[in-house]
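Open the model in a viewer and keep the selection tool at hand.

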Amino acid sequence: MIGEQAYWNPVLETLSQEKMRDLQLRKFKRLFQWAYDKSKFHRSLYKNAGIKPDDIRYFEDIKHVPKVEKAMMRNIQRKDPFPYGDALCVPLDEVVVYRQTSGTTGQPVYQADTWQDWEWWSECWAFILWAQGYRSSDRIFIPFGYNVFVAFWAGHYAGEKIGAEVVPGGVLDTQARILKIQELKATAMMATPTYVLGMAATARDKMNIDPSKMSINKITCAGEPGASIPGTKKRMEEAWGAKVYDHAGATEIGAWSFECEAQPGGLHVNEGFFLVEIEDIDTGDIIEDPGKKGKMIITALDRQAQPCIRFDSKDVIEWDPEPCPCGRTFRLIKGGVTGRADDITKVKGVLISPSAIEEVVRGVEGLSDEYEVIVDKIGDIDRITLKVELELGRENQRVAIENQLKDQLRLKTNLGYVLEFCDYGTLPRYDVKAKRFKDLRKAH
Ligand SMILES: [Zn+2]
């Protein structure tokens, strides 16, 4: 048995940055050659850019390799070999898993994996679970119906791989899931932040159960940035009496980052398996130093069937200047994934990220977990309306809560808002991922 070692992979997780860059370069060259030889899509992309495998000699050469955008992947699909198209690097016979992206806009991207890729997926998740304190004594409940999307299949298999016991909680409704957690004394679960808070509200409001008195002691979040937003994380931790950890991953990339038990306010990149580059959104230069935000360009260094090479993820991130107290040398993404290049929009000429508003709302005591942001135009002027709910029994504190909310919004987002207080329970509730930010200006 593995026992109490601190890291899932002690060699990779403590490798010096210099050796890590060497390893990443070697893996990148191998992957580039593989895609060049096996995939028509990649070969023509690289030939058109005038770059071939021999041209990648130093780490600095990597940034000259053309990026892949999601739209490019959409365009090649539903063609031969059906349905994946010619980015596929293996015969169809070797594909054992079909998944698709879960984005709300546009045609989903199909993702093929071989058995080796699928083993790789669960290995990525084993790093995550081990770093978050999961061990063989854990009983993990997954309150989620697995289907064509990747969540939480790999988390499930990684739970088994590290020797924990895994309970698949699909199909059941929320109340039945809460009862099952109670019945089995589950110690951990995986869910989106929206659902973690939604389950707690159901337990309290509809079942008269206090989730903080239940047996869950750690929760791994995915799918939304909430577990890296301090106000939301605190609400989840208090509601469940549990440690809440973030992780970020994507169908076409893999599970590339995780928060560790030290909760450093950021995500470790699994640099042994992924190469993350941060690109300046204005200049296109690669940002090497901490403290400047840019968009993530990512390579999954070991994935074979449908490779992910310099994929333009549109996630906005920055390097953290501080090392993590946990001792891992995997670099940290400060504050997690704070937004997407697509979502960060200008209101009244000010850049605004929806997660900044969430941080304020979730940080004000007396407001419920729900909120909605609507941006529209009155004449030529942008108007931003924020709808919130008071918790039950807080009506007499409304003025104080409203003043605190206004102050914090101005301080943290530098914008004025039209505030609307709604009755508790009247704003929309979401099961998995929430859509709380509505920009109606684009509709006109
Ligand atoms: Zn750490």
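How many aromatic pairs does the count come to? The total is 16 aromatic pairs, where rings of Phe, Tyr and Trp (its six-membered ring) pair if their centres lie within 6.5 Å, and planes under 30 degrees apart count as stacked, over 60 as edge-to-face and the rest as tilted.

This is a predicted model, in which local features need pLDDT of at least 70 and side-chain atom pairs count only at pLDDT 80 or more, while totals for chains, interfaces and linings use all residues. Residues are numbered from 1 along each chain as its sequence is written, and side-chain values use heavy atoms, with hydrogens and water left out.

**Aromatic pairs**

Select Y98 and Y110: their pair is tilted, at 5.7 Å centre to centre with 50° between the planes. Y98 belongs to strand 1 (residues 95-100) and Y110 to strand 2 (residues 110-114), so the pair ties together parts that are twelve residues apart in sequence. Helices (H or I, at least four residues) and strands (E, at least two) are DSSP runs, numbered from the N terminus. Y98 is partly exposed at 29% relative accessible area, whereas Y110 is buried at 12%. Buried means under 20% relative accessible area, exposed over 50%, and partly exposed in between (1.4 Å probe, protein chains only).

Next select W125 and F152, an edge-to-face pair at 6.3 Å centre to centre, with 80° between the planes. W125 is in helix 5 (residues 115-131) and F152 in the loop between strand 3 (139-142) and helix 6 (153-161), so this pair ties together parts that are 27 residues apart in sequence. Both W125 and F152 are buried.

**Cluster and charges over rings**

Select W118, W120, W121, Y157 and F274, which form one aromatic cluster. Then go to W130, where the charged end of R135 sits over the ring, 3.7 Å from its centre. The criterion is NZ of Lys or CZ of Arg within 6 Å of the ring centre and within 35 degrees of the ring normal.

**D315**

D315 lies in strand 13 (residues 311-317) and counts as buried at 13% relative accessibility. Leaving out residues up to four places away in sequence, D315 touches W256, G294, K295, M296, V337, G339 and R340, with contact meaning heavy atoms within 4.5 Å.

**Cavity lining**

Finish with V68, M73, Q111, E252, Q306, P307, C308, I309 and F311, which line the largest cavity. On a 1 Å grid over the protein atoms alone, a cavity is a set of points where a 1.4 Å probe fits but cannot get out, and lining residues have an atom within 4 Å of a point.

Conventions. 1 Å grid on protein atoms, 1.4 Å probe; cavity = no way out; pocket = protein on both sides within 12 Å on 5 of 7 lines; lining within 4 Å.
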